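Here's a quick walk through one protein model, from its sheet to its side-chain pairs. Have the viewer open and follow along.

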Amino acid sequence: MYKLHVLNGPEMGQAFELKDGPTYVGRSEDNDIQIENKTVSRKHLKIVQRGNRFFVTDLKSENGTFIGGDLIAPGLEVEVEEGRPIIIGTCMISLGEGPPQQTMPFLDAIGFIEDMAGQSGISAAHQDKTDQEKLEFLSKTYKVIKEDLPINKTLEVILEYILDFLKRIDRAAFILVDPETEKILDVVSKSKKPTTDTYSTDVVKRVLEDRKPVAFSNVQTEEDSGLVDTLKILRIESVMCLPMFSRSQIIGLIYVDSLERPHGLRKEDLSLFTHLSQIAALAVQRARFASESTTGADNLHLDT
């Protein structure tokens, strides 16, 4: 039986059987396969299996469908090889009879998404200058992962890229947690100015509890709540924090905030940091498996 395999994000490792005839994939419940990811359109993709061959059609989705680093034209049926990564929104999937190779979520996936973010991935005809700059930023982060640096150094470099790319952000941090207990193992942080704290513990606690992002563009105009009141006391003007998943477990969080002005983080930044959280998760996964395979340790030791 041929299946759709999810290769990243909170649904990573899940497999859905393809039906006879067209299989529709999207965010809404009326699809044959529902993928609850905000970057996936309500009706995103149609899959048709003919024998052992697969054909996909993008259904005029908002964020597009990528195969081999190329954005496919909406409405055009395209053949895709078994096991080849397909990106819909920020979700990576593949089609095939057996499970994808264990290395796929790591080196192969990194190389594929780097192609997507590089010059051959999206032409100026499809993206404006701002989006091109975001893709170049993401491409730089993929290249850092492939350098095979110690994990702390990799995350430090990515944080430097974040603060340089988004001038309106004052602090950025990766908070790494034990996937079983969700206890914090390590914090890698960068700040534009000296500060005693590197992140809001209340925001991090909320993300771990709810397993979904927290994003406030302007804390002063948000509805009153215990969390917002705490942020006001801490003089945090805007904040965003997202979980990093390995299969269904949280392995860390990415945290950014602005201390000097509201709207330091905006609605359109959520998509960028969703991509970034997946990149960082790949790096942490890779370091964790390398550590466990060489030491047999249950915990990831993150010294540089």
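## Sheet, rings and charges

Tyr-255 has a relative accessibility of 0%, so this residue counts as buried. Keep in mind that you're looking at a predicted model. Tyr-255 sits in strand 16, while Tyr-199 belongs to the loop between strand 13 and helix 4 (201–210), so their pairing ties together parts that are 56 residues apart in sequence. The two rings have their centres 6.1 Å apart with planes at 65°, so Tyr-199 and Tyr-255 make an edge-to-face pair. Tyr-199 is buried too, with a relative accessible area of 16%.

Five strands form an open sheet in the order 13-12-16-15-14, with antiparallel pairing. Which strands stand at the edges? Strand 13 (184–191) and strand 14 (214–216) do, and each has a single partner strand, so one side of each is left without a neighbour in the sheet. On average, and ignoring direction, neighbouring strands here are turned by 15° against each other.

Two of the strand pairings are worth a look. Strand 15 (residues 238–246) runs antiparallel to strand 16 (residues 249–258), and nine bridges join the two. Within that pairing, Phe-245 faces Ile-250 of strand 16 as its opposite residue. Strand 12 and strand 13 are also antiparallel partners, this time over seven bridges. There, Val-177 is opposite Ile-184 in strand 13. As a general point for picking out side chains on screen, those of a regular strand alternate between the two faces of the sheet.

Helix 3 (residues 151–165) lies across strand 12 (171–177), strand 13 and strand 16, and makes an angle of about 35° with strand 13.

**From the hairpin to a salt bridge**

The hairpin of strand 12 and strand 13 has six residues between the strands, and Glu-182 takes a positive phi near 60° there. What does the side chain of Glu-182 meet in a salt bridge? Its partner is Arg-211, at 3.3 Å from N to O. Arg-211 comes from the loop between helix 4 and strand 14, and Glu-182 from the loop between strand 12 and strand 13, so this bridge ties together parts that are 29 residues apart in sequence. Glu-182 has a relative accessible area of 23%, so it is partly exposed; Arg-211 is partly exposed as well, at 35%.

Side chains of opposite charge can pair when their charged atoms come close. This structure holds nine salt bridges, including these:

| Salt bridge | N to O distance |
|---|---|
| Asp-32 and Lys-19 | 3.5 Å |
| Glu-79 and Arg-53 | 2.8 Å |
| Arg-211 and Glu-182 | 3.3 Å |

Glu-79 is partly exposed with a relative accessible area of 40%, and Arg-53 is partly exposed at 42%.

For the other bridge, Asp-32 forms a salt bridge with Lys-19. Asp-32 lies in the loop between strand 3 (23–26) and strand 4 (33–34), and Lys-19 in the loop between strand 2 (15–17) and strand 3, so the pair ties together parts that are 13 residues apart in sequence.

The structure holds three aromatic pairs. One of them brings Tyr-2 and Phe-54 together, with ring centres 5.3 Å apart and planes at 80°, so this pair is edge-to-face. Tyr-2 lies in the segment before strand 1 (3–6) and Phe-54 in strand 6 (residues 53–58), so the contact ties together parts that are 52 residues apart in sequence. Both Tyr-2 and Phe-54 are buried.

Rings also meet charges here. Lys-43 has its charged end over the ring of Tyr-24, 4.9 Å from the ring's centre. Lys-140 lies over the face of Tyr-161, with 4.2 Å to the ring centre.

Notes: Residues are numbered from 1 along each chain as its sequence is written. This is a predicted model: local features need pLDDT of at least 70, side-chain atom pairs count only at pLDDT 80 or more; totals for chains, interfaces and linings use all residues. Side-chain values use heavy atoms; hydrogens and water are left out. Two strands pair if DSSP finds at least two bridges between them. Helices (H or I, at least four residues) and strands (E, at least two) are DSSP runs, numbered from the N terminus. Axes are lines fitted to C-alpha atoms, for helices over the stretch in contact, and angles run from 0 to 180 degrees between N-to-C directions. Contact means heavy atoms within 4.5 Å. Rings of Phe, Tyr and Trp (its six-membered ring) pair if their centres lie within 6.5 Å; planes under 30 degrees apart count as stacked, over 60 as edge-to-face and the rest as tilted. Buried means under 20% relative accessible area, exposed over 50%, partly exposed in between (1.4 Å probe, protein chains only). A charge sits over a ring if NZ of Lys or CZ of Arg is within 6 Å of the ring centre and within 35 degrees of the ring normal. A salt bridge is a side-chain nitrogen of Lys or Arg within 4 Å of a carboxyl oxygen of Asp or Glu.
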